[in-house]
Amino acid sequence: MMMAAQQSNNTFLRRTYFSYPGSTNPKVGKLKDITLMELLQTVCEHQKQQIEDVMTKSRAREIVQVRQLFSFFQKKYFEKTSLQAIADVTGHNHATVISSIKHVKALCDSDKKYKTMVGELNSYILLKHKRE
């Protein structure tokens with residue numbers, strides 16, 4: 001049963017593309033069309049974590065932080081994506097996504113090192129997926 005759900009989830013990730021032209025976020029127009037899996041890969045790459053680890057229910061700080069950052073950037077760059085769609089990628093629920101986004105914003109407000117790291121990750125995403 002778990003295998004079927006994961007296979008279905010992977011199919012969703014590979015087939016889900018988002019276009020940016022109608023977005024209200026000016027930075028988004030600089031990106032090429034990417035899949036959810038490509039965004040997750042980029043976040044995992046920057047944070048030096050494996051995608052397989054992020055997809056688990058692990059509560060290890062490093063893994064949770066990657067999931068939180070993915071949720072934050074997913075909502076930032078794909079504004080019209082529902083919270084449940086974001087949650088489906090990592091196998092959690094929409095409340096977890098809301099909590100993750102709030103947590104990243106709160107940490108950015110209170111921790112300069114964390115805010116710098118989020119800024120570097122944002123630059124990394126823009127650089128890696130910019131339009132040609």
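1. Basis. The model is predicted, so local features need pLDDT of at least 70 and side-chain atom pairs count only at pLDDT 80 or more, while totals for chains, interfaces and linings use all residues. Residues are numbered from 1 along each chain as its sequence is written, and side-chain values use heavy atoms, with hydrogens and water left out.

2. Overall fold. The chain has seven helices and zero strands. Read from the N terminus, the elements run α-α-α-α-α-α-α. Helices (H or I, at least four residues) and strands (E, at least two) are DSSP runs, numbered from the N terminus. Of the 132 residues in the chain, 41% are buried. Buried means under 20% relative accessible area, exposed over 50%, and partly exposed in between, with a 1.4 Å probe and protein chains only. Contact means heavy atoms within 4.5 Å. Among contacts between residues at least 6 apart in sequence, 60% join residues at least 24 apart.

3. Core. The largest nonpolar core holds 30 residues. Such a core is a set of buried Ala, Val, Leu, Ile, Met, Phe, Trp, Tyr and Cys residues joined through side-chain atoms within 4.5 Å. The residues with the most contacts inside this core are Leu-40, Leu-69, Phe-73, Val-104, Tyr-114, Val-118 and Ile-125. The elements giving two or more residues to this core are H2 (36-47), H3 (51-54), H4 (61-77), H5 (83-90), H6 (94-110) and H7 (112-128).

4. Leu-69 sits in helix H4 and is buried, with a relative accessible area of 0%. Neighbours within four places in sequence aside, Leu-69 is in contact with Val-43, Gln-47, Val-104, Tyr-114, Met-117, Val-118 and Leu-121. Leu-69 and Asn-122 are 53 residues apart in sequence, and their C-alpha atoms are 10.0 Å apart.

5. H2 against H4. These two helices pack at an angle of about 135°, with their axes 10 Å apart. Axes are lines fitted to C-alpha atoms, for helices over the stretch in contact, and angles run from 0 to 180 degrees between N-to-C directions. The angle makes H2 oblique to H4. Angles under 35 degrees count as roughly parallel, over 145 as roughly antiparallel, 65 to 115 as roughly perpendicular and the rest as oblique. The crossing of H2 and H4 is right-handed. A crossing is left-handed if the near helix is turned anticlockwise from the far one by less than a right angle, and right-handed if clockwise. On the H2 side the contact is made by Leu-36, Leu-39, Leu-40, Val-43, Cys-44 and Gln-47, and on the H4 side by Gln-65, Val-66, Leu-69, Phe-70, Phe-73 and Gln-74. By class, this contact of H2 with H4 has nine nonpolar, three polar and no charged residues. Ala, Val, Leu, Ile, Met, Phe, Trp, Tyr, Cys and Pro count as nonpolar, Asp, Glu, Lys and Arg as charged, and the others, Gly among them, as polar.

6. H6 against H7. The axes of H6 and H7 come within 6 Å and cross at roughly 120°. H6 is therefore oblique to H7. H6 passes H7 in a left-handed crossing. H6 contributes Val-104, Leu-107, Cys-108 and Ser-110 to the contact, and H7 contributes Lys-112, Tyr-114, Lys-115 and Val-118. The residues of this contact of H6 with H7 divide into five nonpolar, one polar and two charged.

7. A serine in H6. Ser-100 is found in helix H6 and counts as buried, at 7% relative accessibility. Residues up to four places away in sequence not counted, Ser-100 touches Gln-68 and Ser-71.

8. H5 and its end. In H5, Ala-85, Ile-86, Ala-87, Val-89 and Thr-90 are buried. Val-89 has a relative accessible area of 0%. Val-89 and Met-37 are 52 residues apart in sequence and 8.3 Å apart in space, C-alpha to C-alpha. H5 is followed by Gly-91, whose phi is positive, near 80°.

9. A residue to check. Most residues other than glycine have a negative phi. Lys-48 is not a glycine, yet has a positive phi of about 60°. Lys-48 is in the loop between H2 and H3 and is exposed, with a relative accessible area of 70%.
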